[in-house]
Amino acid sequence: AMKSPYTKLLMEYFLLSYIDLTDTAILSGLQKNVYPLYDKLKDLRGLNGVKDHLAYIRDKQDDYSKKNIAKYLKKSIEQYLPIVKRQDIDHE
């Protein structure tokens with residue numbers, strides 16, 4: 001997870017802190033549950049699509065979600081991917 005470009009993006013968008021980087025549970029949760037979904041979004045919308053999603057969820061983030069960032073990120077991408085897929089179907 002440390003080597004993943006998504007970890008760097010999450011840091012750039014202030015969704016991960018340096019303290020989070022020392023928490024192996026957070027990093028393994030991201031690697032296992034979140035990053036594969038980001039790969040799907042990247043396939044559909046490119047890296048800018050992932051960046052747009054991160055910017056959006058950062059703006060919507062509540063304090064409670066910062067306590068369990070991996071769960072928050074997983075839930076938000078799981079909710080977003082079907083929307084992206086629907087939009088792509090609608091535009092075909």
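Is Y6 counted as buried or exposed at 5% relative accessibility? In this predicted model, local features require pLDDT of at least 70 and side-chain atom pairs count only at pLDDT 80 or more, whereas totals for chains, interfaces and linings use all residues. Residues are numbered from 1 along each chain as its sequence is written, and side-chain values use heavy atoms, with hydrogens and water left out.

With a relative accessibility of 5%, Y6 counts as buried (under 20% relative accessible area, with exposed over 50% and partly exposed in between; 1.4 Å probe, protein chains only). Y38 is likewise buried, at 0%.

Three aromatic pairs are present in the structure (ring centres of Phe, Tyr or Trp, the last by its six-membered ring, within 6.5 Å; planes under 30 degrees apart are stacked, over 60 edge-to-face, the rest tilted). The ring centres of Y6 and Y38 lie 5.4 Å apart with planes at 70 degrees, so this pair is edge-to-face. Because Y6 belongs to helix α1 and Y38 to helix α2, the pair ties together parts 32 residues apart in sequence (helices are DSSP runs of H or I, at least four residues, numbered from the N terminus). Y6, Y35 and Y38 form one aromatic cluster.

Beyond its neighbours within four places in sequence, L16 is in contact (heavy atoms within 4.5 Å) with T7, L10, M11, L21, I26, L30 and I69.

Notes:
Helices (H or I, at least four residues) and strands (E, at least two) are DSSP runs, numbered from the N terminus.
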